[in-house]
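Please open the structure in a viewer and keep the selection tool at hand.

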Amino acid sequence: MSTLTKAPLGPLLDRLFKQADTAMSPAFEDVSAEERQRLMTSKTEYVDLYTRLKDFWLPVSRDTARLLYMLARSSGACQIVEFGTSLGLSTLHLAAAIRDNGGGRLITTEFEPSKVAGARQHITEGGLIDLVEIRKGDALETLSRDLPDKIDFVLLDGAKALYPEVLKLLEPRLKVGALIVADDANYSLEYLEYVRSAGSGYLSLPFADDIELSMRVK
Ligand SMILES: C[S@@+](CC[C@H](N)C(=O)[O-])C[C@H]1O[C@@H](n2cnc3c(N)ncnc32)[C@H](O)[C@@H]1O
């Protein structure tokens with residue numbers, strides 16, 4: 001059995017995904033498709049956007065969450081960085097993989113204080129807080145310092161427009177073979193062009209549920 005499926009984490013994840021489903025509401029109901037696209041791709045309005053969305057969990061899908069565990073576990077990832085914690089659903093899956101890989105550290109970052117508190121509570125309940133450092137603040141600042149010498153695995157799931165900038169902060173520390181999962185990366189054409197371009201140092205492809213999966217090759 002893995003940490004993911006046994007107590008306390010297995011039952012906790014069932015409960016939290018159900019809670020996330022009930023908290024889901026069409027926050028963008030009154031927003032036109034054009035305006036939504038503009039907000040999701042803006043490099044300057046992301047604080048406003050996510051402040052507006054602060055009561056929503058916005059988690060990765062259950063399948064993506066499981067995939068994160070599987071990729072991190074099978075690649076033996078022990079040093080993981082996550083951009084976009086929200087209430088900790090993806091964090092719990094990644095931390096479970098670290099536990100089952102023998103230990104390590106997950107740095108995750110979130111700027112909404114109520115979400116930082118909620119994530120901390122969930123990760124504590126899941127018995128994984130000893131592996132997780134939650135950095136409160138904007139990733140452009142919190143991930144610009146004190147990173148592990150070698151990063152094995154990255155999840156990008158914060159403001160989509162910042163994926164190129166966040167990846168570049170982490171890039172010098174990525175080990176050869178590091179995996180980078182970018183959720184909803186289709187909102188950042190700049191990111192897709194970069195990781196798919198010859199010479200950028202990645203192999204990259206669209207994968208599963210709106211994910212771009214990339215691997216560092218140099
Ligand atoms: C899609 S949600 C993350 C969901 C989470 N990964 C999960 O699966 O449960 C994105 C989160 O990133 C946070 N965020 C967006 N831009 C950020 C930034 N520049 N720095 C820190 N947090 C950010 C938002 O407040 C939001 O909670």
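**First stop: strand β4**

Select strand β4, residues 151-156: six of its six residues are buried, so the strand is largely enclosed by the rest of the structure. Buried here means under 20% relative accessible area, exposed means over 50%, and partly exposed lies in between, with a 1.4 Å probe and protein chains only. Helices (H or I, at least four residues) and strands (E, at least two) are DSSP runs, numbered from the N terminus.

The model is a predicted one, in which local features need pLDDT of at least 70 and side-chain atom pairs count only at pLDDT 80 or more, while totals for chains, interfaces and linings use all residues. Residues are numbered from 1 along each chain as its sequence is written, and side-chain values use heavy atoms, with hydrogens and water left out.

Now include helix α8, residues 163-170: β4, α8 and β5 form a right-handed β-α-β unit. Right-handed means that, with the strands pointing away from the viewer, the path from the first strand over the helix to the second runs clockwise.

**The ligand**

Which residues are closest to the ligand? Among the 23 residues that surround it, the closest are Gly 84, Ser 90, Glu 110, Ala 139 and Asp 157; a residue belongs to this shell if one of its heavy atoms lies within 4 Å of the ligand. The shell divides into 11 nonpolar, seven polar and five charged residues. In this count Ala, Val, Leu, Ile, Met, Phe, Trp, Tyr, Cys and Pro are nonpolar, Asp, Glu, Lys and Arg are charged, and the others, Gly among them, are polar. At least two residues of the shell come from each of α3, β1, α5 and β2 (105-110).

Select Asp 157, which has a polar side-chain atom 2.7 Å from a nitrogen atom of the ligand. Then select Phe 111, where a backbone N or O atom lies 3.3 Å from a nitrogen atom of the ligand. At Ala 159, a polar backbone atom is 3.2 Å from a nitrogen atom of the ligand. The protein covers 98% of the 610 Å² of accessible area that the ligand has on its own, computed by the Shrake-Rupley method with a 1.4 Å probe.

**Backbone exceptions**

Most residues other than glycine have a negative phi, and most peptide bonds are trans.

Select Ser 86, in the loop between β1 (79-83) and α5 (89-100). Although Ser 86 is not a glycine, its phi is positive, at about 50°. Is this residue buried or exposed? Ser 86 is buried, with a relative accessible area of 10%.

Leu 58, in the loop between α3 (46-52) and α4 (62-74), also is not a glycine and has a positive phi of about 50°. Leu 58 is partly exposed, at 33% relative accessibility.

Finally, select Ala 7 and Pro 8, which are joined by a cis peptide bond with omega of about 5°. Pro 8 belongs to the segment before α1 (9-23).

**Last stop: Leu 189**

Select Leu 189 in helix α9, residues 189-196. Leu 189 is exposed, with a relative accessible area of 57%.

Key
Polar contact = N/O pair within 3.5 Å; in protein donor to acceptor, adjacent residues only side chain to side chain.
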